[in-house]
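Let's take a friendly walk through a structure together. Have a look at the picture below, and then we will go through its parts step by step.

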Amino acid sequence: MVAVVAAVLGYFLVVRGLSFAGHALSTIGFAGAAGAVLVGVPPVYGLMTFTVIASLAISLLGRDIRERDIATGVIMILALGFGVLFLSLYHGYAERAYSILFGTVVGISRSDVLLTALSGLGVLACLAAISRPLLFSSFDPELAETRGVPVTFLGGFFLVLVAITISITTQVVGILLIFALLIGPPATALRLLHQPMQVISLAVILGLAYTWLGILLGANSSWPVSFFITAFSFGVYLPVRLLSKRGLKRVEIAFGSERHA
Amino acid sequence: MPESIVCLEEVDVHLGDASILQNINLSIEAGEFIVILGPNGAGKTTLLKVLLGLVQPTSGRVQVLGSSPRRGQREIGYIPQHRDMDAEFGLRGRDLVAFGLDGHRWGIGLPSRSRREKIDRALKEVDALELAEAPFEQLSGGEQKRLLIAQALLTDPHLLLLDEPLADLDLAYQKETVALMDKVCRTRGVTVLLVSHDINPLLQATDRVLFIAHGHAAIGAPDEVITSATLTQLYRSPVEVVHTLGRYFVVGAEI
């Protein structure tokens with residue numbers, strides 16, 4: 001479930017050039033989770049609260065891309081500070097904080113699972129509803145605006161969806177390794193295919209494969225599951241990136257247009 | 001009297017504190033091919049945005065297709081200035097053209113036969129059927145431009161606004177693009193407003209020229225507007241126009 005949602009959402013994240021915001025939101029989530037641990041509620045609530053607020057702040061402060069990266073960075077640093085504060089105030093099990101940072105697939109409570117499943121379905125439904133105008137406004141915000149697409153609203157709403165997704169993904173791979181499921185599969189798929197539906201499908205398959213293989217290997221060894229998942233994610237991305245057909249494609253198209261001219 | 005597609009009366013536009021356009025009066029009729037010329041920052045793009053309803057004039061009256069400008073009007077096709085398209089979108093030519101059809105609607109947009117046919121027809125009109133399955137970011141500037149024109153045509157617009165469609169195209173593609181826009185203008189009877197820095201590649205297609213400089217505008221046939229006298233008045237400094245070999249050369253000012 002987590003892998004599916006992360007892969008679908010990650011496609012739009014990569015396409016909108018928001019991978020940094022994705023990373024920042026997860027770091028911000030760390031502060032939220034630490035805060036939740038401190039007051040003694042399940043981390044996922046703290047994660048949700050902090051990331052949703054931060055995503056709204058980012059979309060309000062950062063209109064164009066450069067501004068947005070700066071706004072994202074500033075908010076991320078503030079949140080990190082809070083995270084450190086919460087952790088220093090918390091004198092219990094450091095294990096909890098550790099599991100937030102690096103993820104534990106097995107250490108999730110029943111209510112967490114239910115919440116994860118429900119919010120995951122919710123995110124997918126919302127994303128399906130806005131996908132077409134979202135893609136349009138990612139491609140050309142100006143043109144989309146002239147056609148009556150509420151570009152600013154969509155941007156903000158999308159970041160909120162990202163926030164929720166990060167909150168649920170975190171429980172599997174942890175905050176520091178969010179790239180593994182959110183960015184890795186869609187980035188890899190984008191290198192191989194050029195059609196939105198196919199890219200998303202491949203990203204979902206990759207995400208599921210990484211997660212299952214990671215759990216399988218993790219259960220049979222003493223190494224953590226998240227290590228295996230991230231290793232797969234990067235291990236597949238790198239050769240695809242290096243060997244992608246783009247170089248070949250360019251030559252083909254150059255020939256094609258020559259013939260046309 | 002022919003129907004007027006675009007009509008501006010005493011229009012002033014301010015953006016923040018800066019006055020961009022002053023006392024613009026013009027009337028454009030159905031089927032005209034208008035080229036908008038002028039130096040950088042003269043307000044050419046702003047004028048297009050006024051027509052699109054993205055920028056509100058400070059004063060004056062604007063009528064587009066018989067009503068005040070508003071967003072989301074399907075009768076206006078718009079191709080914004082080219083920006084870097086380096087980002088990877090994983091979009092094919094066909095997906096891009098589809099935005100013109102229903103990019104503004106909610107939902108995923110399931111494929112259907114009538115949708116496919118409409119898109120194919122638009123692709124055919126700009127002679128780009130072979131680009132339908134190619135990844136957009138790997139196409140050349142001229143090929144991308146053709147797809148964007150197809151996208152703009154899908155709504156069957158009466159008015160086509162193009163912001164510097166010839167920028168960063170080489171001569172062969174410029175020629176091809178101009179011929180295509182000319183064809184679209186004549187066969188569909190679409191009114192075309194096109195922003196450019198150079199009139200010469202467009203001369204065959206052009207009906208009238210709208211020259212904007214320092215917030216003021218002059219409109220008329222190329223040989224009426226692109227003259228030493230008119231441009232000297234617009235630029236408020238001596239400008240010399242040389243009209244020779246069927247081309248215009250402007251000396252003493254930047255277009």
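Helices (H or I, at least four residues) and strands (E, at least two) are DSSP runs, numbered from the N terminus.

The crossing of helix 2 of chain A with helix 3 of chain A is right-handed. A crossing gets that name if the near helix is turned clockwise from the far one by less than a right angle, and it is left-handed if the turn is anticlockwise. Which residues meet here? Among them are A:Ala21, A:Leu25 and A:Ile28 from helix 2 of chain A, and A:Pro43, A:Tyr45 and A:Phe50 from helix 3 of chain A. This contact has 13 nonpolar, 7 polar and no charged residues. Nonpolar means Ala, Val, Leu, Ile, Met, Phe, Trp, Tyr, Cys and Pro; charged means Asp, Glu, Lys and Arg; the others, Gly among them, are polar.

## How to read the model

This is a predicted model, in which local features need pLDDT of at least 70, side-chain atom pairs count only at pLDDT 80 or more, and totals for chains, interfaces and linings use all residues. Residues are numbered from 1 along each chain as its sequence is written, while chains are lettered from A and ligands numbered from 1 in the order in which they are written.

## Where the chains meet

How many residues of chain A are in contact with chain B? There are 31 residues of chain A in contact with 30 residues of chain B. In contact means that the C-beta atoms of two residues, placed from the backbone, lie within 7 Å. Helix 6 (110–139), helix 7 (141–146), helix 11 (196–219) and helix 13 (246–260) of chain A each give at least two residues to the side that touches chain B. Helix 6 of chain A has the largest share, with 8 residues. By class, this side of chain A holds 16 nonpolar, 8 polar and 7 charged residues.

## The domains of chain B

Chain B is divided into domain 1 (4–75 + 157–251) and domain 2 (87–152), with bounds that come from an automatic or database domain assignment. The centres of domain 1 and domain 2 of chain B, taken over C-alpha atoms, are 27 Å apart. Their contact takes 10 residues from domain 1 of chain B and 8 residues from domain 2 of chain B. On the domain 1 side, helix 5 (residues 171–188) of chain B gives the most, with 4 residues.

Now look at helix 5 of chain B beside helix 4 (residues 141–153) of chain B: their axes come within 10 Å and cross at roughly 15°. That makes helix 4 of chain B roughly parallel to helix 5 of chain B. Their crossing is right-handed. The contact includes B:Lys145 and B:Ile149 of helix 4 of chain B, and B:Glu176 and B:Leu180 of helix 5 of chain B.

## The sheets of chain B

One open sheet of chain B has 6 strands in the order 5-6-7-3-8-9, with mixed pairing. Two strands pair if DSSP finds at least two bridges between them. Strand 5 (76–79) and strand 9 (216–220) of chain B are the edge strands, each pairing on one side only. Strand 8 (residues 208–213) of chain B runs antiparallel to strand 9 of chain B, and 5 bridges join them.

Another open sheet of chain B has 3 strands in the order 2-1-4, and its pairing is antiparallel. The edges are strand 2 (18–29) and strand 4 (59–64) of chain B. The twist averages 20° from one strand to the next. Strand 1 (residues 4–15) and strand 2 of chain B are joined by 8 bridges, and B:Cys7 stands opposite B:Ser27 in strand 2 of chain B. Helix 1 (residues 44–52) of chain B packs on this sheet, touching strand 1, strand 2 and strand 4 of chain B.

How values were computed
Axes are lines fitted to C-alpha atoms, for helices over the stretch in contact, and angles run from 0 to 180 degrees between N-to-C directions. Angles under 35 degrees count as roughly parallel, over 145 as roughly antiparallel, 65 to 115 as roughly perpendicular and the rest as oblique.
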